[in-house]
Amino acid sequence: MSCATPFKMRFVHLDLKGAPPKVSYLSEVFPLFHALGANGLLIEYEDMFPYEGRLMLLRAKHAYSPSEVAEILRLAKLNELEVVPLVQTFGHMEFVLKHAAFAHLREVALFPNTLNPHEAESLALVKDMVDQIMGLHRGARWLHIGCDEVYYLGEGETSKQWLQQEQNSPAKLCLSHMQAVASHVLAQHPGTTPLVWDDMLRDIPQEQLKVFLMGKYQECGFQRLWAASAFKGATGASQALPPIEHHVRNHEQWLQVAVSGPVDTLQGIILTGWQRYDHFSVLCELLPVGIPSLAACLQSLVHGGFAEDVKLKVEHFLGVSSLEIMDTVSEGAGSFPGSDIHALVTQVSLHLRSSVDTLLERNRYITGWFSPYHRRRKLIHPVMIQHIQPEALSLLSRWSNLVQQLEAALQLAFYPDTIEEWLEENVLPSMQRLQGLLQDLGEAAAPLPLLPPPSSCWDTGQNP
């Protein structure tokens, strides 16, 4: 593939801590990733890795088996995608520290985010996780050890005491744990270079960072930098549709940064695709829904920008007639893997809630004759049922059919718990509002028992 890009390595991030795809779906998208210009994967397994021994309790219900991990790696190699595994070793440790067995290793007892770096057992735990990951990724050139968003570091009781010593600082605390983990990787897995996210390093004074970069830290890959962009999962914790233009502009800015610096300073770029903001947050954009954005971003990197001819190439890869990056997302079918999910999720996200809101809040028969006051008391003028019920039933029927199609499409790509969570978050609230209206309507329409006419003097035969 001819490249006008300064980014020789272009890795797609798979964030498996939410909506992990079935291996069968990955087998369909890996060839597309390669065709679009990706040559690697950053796989953040989190609780989807088949941990063994004392770490077995970290496994999610549908965690990949060792043979499925092997199949993912085989498929990646088949499509010329180099795999870099990612294991969190400091922050974002909720999937470990939420368990009672490891809760004593929290930096702050109340919060499961961050590992206590003072405990010898903490490092032993991380080493075990690293070694198990590397056991299934033998020969990996890089291992990403995370270390982003190490919240509350320095706020634990041991840290507070440690920081009272004059020569100690939060920066030193952060770097010393990173160094310990990186040193283990280098010692036990020669040939594998550790990578870390840089957000915890940005505010560290240059002189202090230099000291730590001497010696072993220089061996840890800090001479070469990687860029990290995003194709989804970066514009809102509950975002359902990625804003394509926003993500394309992000990549165009990275291209400008790359060409303005010294040649080959940036080893590559990781296109992140977060699936949750953290272990406990809701799902953001599903992978199939992010494919058009990924396609536009990868092709922008390959061709040095997103000109009209690049847009046409993306449309061809996706099998769409028109990719409107100015819109939140392009509506309409495509022919890429998961395009049916993309189309149906787009319909739900753009129209389900608004259509139900319009009916309940703007329909004059509902607002005028079947208000919350009426609904609570089951009061309605019988003629109004004819004005309200057919439209509500029609809307419910249309959405029920579409959601049924979506559920069937999701089943081909995802496990049952993902489908349940996505539908419960994005579909159920609006459907329940609609069903609630119809239920109240049915109860209000139930014929009232006929009351006997009021007694009068004529009924009793008495004289007036």
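This note goes through a few residues and ring pairs of a predicted model.

1. Basis. Residues are counted from 1 along each chain as its sequence is written, and side-chain values rest on heavy atoms, with hydrogens and water left out. Because the model is predicted, local features need pLDDT of at least 70 and side-chain atom pairs count only at pLDDT 80 or more, while totals for chains, interfaces and linings use all residues.

2. Asp15, position. Asp15 is part of strand 1 (residues 9–15). Strands (E, at least two residues) and helices (H or I, at least four) are DSSP runs, numbered from the N terminus. Asp15 has a relative accessible area of 4%, so Asp15 is buried. Buried means under 20% relative accessible area, exposed over 50%, and partly exposed in between, with a 1.4 Å probe and protein chains only.

3. Asp15, neighbours. Leaving aside residues up to four places away in sequence, Asp15 touches Glu44, Gly273, Trp274, Gln275 and Arg276; contact means heavy atoms within 4.5 Å. The side chains of Asp15 and Lys17 make a polar contact at 3.2 Å. A polar contact is a pair of N or O atoms within 3.5 Å; within protein, one must be able to donate a hydrogen and the other to accept it, and residues adjacent in sequence count only if both atoms are side-chain atoms. A polar atom of the Asp15 side chain also lies 3.5 Å from the backbone nitrogen of Arg276.

4. Aromatic pairs. The whole structure contains ten aromatic pairs. Rings of Phe, Tyr and Trp (its six-membered ring) pair if their centres lie within 6.5 Å; planes under 30 degrees apart are stacked, over 60 edge-to-face, and the rest tilted. The ring centres of Tyr45 and Phe49 are 5.4 Å apart and the planes stand at 70 degrees, so this pair is edge-to-face. Tyr45 is buried, at 0% relative accessible area, and Phe49 is buried at 1%.

5. Trp142 and Trp226. These two residues form an edge-to-face pair, with 5.1 Å between centres and 85 degrees between planes. The pair links distant parts of the chain: Trp142 is in strand 4 (residues 142–144) and Trp226 in strand 6 (residues 225–232), 84 residues apart. Both Trp142 and Trp226 are buried. Ring pairs join Phe11, Trp142 and Trp226 into a cluster.

6. Pro31. Where does Pro31 lie? Pro31 is in helix 1 (residues 23–36). Its relative accessible area is 35%, so Pro31 is partly exposed. Pro31 and Leu81 are 50 residues apart in sequence, with 9.2 Å between their C-alpha atoms.
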